[in-house]
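Hello,

Here is the model I promised to pass on to you. Please have a look at it first, and then read my notes below.

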Amino acid sequence: MERFTVCLTFDFDAISGWITTVGTRNPSMISRGEFGAFAIPRILALLDRYDIAASFAVPGHTAYAYPDEVRMIRDAGHEILHHGWMHENPSDLDEARERRVLEQGLEALHAVAGVVPAGYRSPAWDISPHTLGLLMEYGFFYDSSFMARDFHPYYLRDGDVISADGPYVFGREVELVEMPVAWQIVSHRMV
Ligand SMILES: [Zn+2]
């Protein structure tokens, strides 16, 4: 029987996802994001019990809100991915704003944990026409937002052309590896 390696990843959105993705500033709703930080020691203990190294996607806003938890993740030997500044959907942003969001996320992860992330996961799993170019410009090695495979990494394409009355035109392969993600554990529309 063929065996596959499965990588566990966690999106540590905390408060940021509720503010930006859900669009609330209600203290009760914000508390749901706080629970994410409260749960980090439990998740780390579980991973430690089974000796599993995982990856955590962390927005810059979360790093500043919960620096101790982010450093706990780092000190336990887990990987930290870029996950936006305040969990923005890149497809909602113009290029200048998307660039700034990318920089703010990088600045926060470095300031809090000394981390320069190799990977990026888009909040909302969505990208803009500029995202892949920006990721390569800022030196990212891989993305984990796409779902065209299950167990095997692959190179992403950029510049696909979609037209209403013509065939789909595949773009060119780019120097960015995709670690495809399966969205298995969802309890709310926000992820
Ligand atoms: Zn997220």
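What share of the contacts with a separation of 6 or more in the protein chain comes from residues 24 or more positions apart? The value is 68%, where contact means heavy atoms within 4.5 Å.

Before the details, a word on conventions. This is a predicted model, in which local features need pLDDT of at least 70 and side-chain atom pairs count only at pLDDT 80 or more, while totals for chains, interfaces and linings use all residues. Residues are numbered from 1 along each chain as its sequence is written, and side-chain values use heavy atoms, with hydrogens and water left out.

Overall fold

The protein chain has six helices and seven strands, taken as DSSP runs numbered from the N terminus (helices H or I, at least four residues; strands E, at least two). Their order from the N terminus is β-α-α-β-α-α-β-α-β-α-β-β-β. The radius of gyration, taken over C-alpha atoms, is 17 Å, close to the 16 Å that the globule rule gives for 191 residues, so the chain is as compact as a globular protein of that length. That rule is 2.2 Å times the number of residues to the power 0.38. Of the 191 residues, 43% are buried; buried means under 20% relative accessible area, exposed over 50%, and partly exposed in between (1.4 Å probe, protein chains only).

The zinc site

The zinc ion has as its protein donors Asp13 (OD), Asp13 (OD), His83 (NE2) and His87 (NE2), at 2.1 to 2.5 Å. Donors are N, O and S atoms within 2.8 Å of the metal (3.2 Å for Na, K and Ca); water is not among the atoms, so sites may look incomplete. The angles that the four donor atoms subtend run from 53 to 136 degrees, which makes the arrangement irregular. For reference, four donors count as tetrahedral if all angles lie between 85 and 135 degrees; four count as square planar and six as octahedral if opposite donors are over 155 degrees apart and all others between 65 and 115; anything else is irregular.

Along the chain, the donors follow the spacing D-x69-H-x3-H. Asp13 sits in the loop between strand E1 (9-11) and helix H1 (15-22), and His87 in the loop between strand E3 (79-82) and helix H5 (95-113), so the pair ties together parts that are 74 residues apart in sequence. Asp13 is buried at 4% relative accessible area, and His87 is buried at 1%. His87 also has a positive phi, near 60 degrees, in a residue other than glycine.

The buried ones are Ile15, Ser16, Gly17, Trp18, Ile19 and Val22. Their cover includes helix H2 (27-49) and helix H3 (60-65). His61 lies in H3 and is buried at 19%. Apart from neighbours within four places in sequence, His61 is in contact with Ile15, Ser16, Ile19, Trp85 and Met86.

The cores

A nonpolar core here is a set of buried Ala, Val, Leu, Ile, Met, Phe, Trp, Tyr and Cys residues joined through side-chain atoms within 4.5 Å. The largest has 25 residues, and those touching the most other members are Phe12, Phe56, Val58, Ala63, Val70, Ile73 and Ile80. A second, separate core of eleven residues includes Leu102, Leu132, Leu134 and Leu176.

Best wishes
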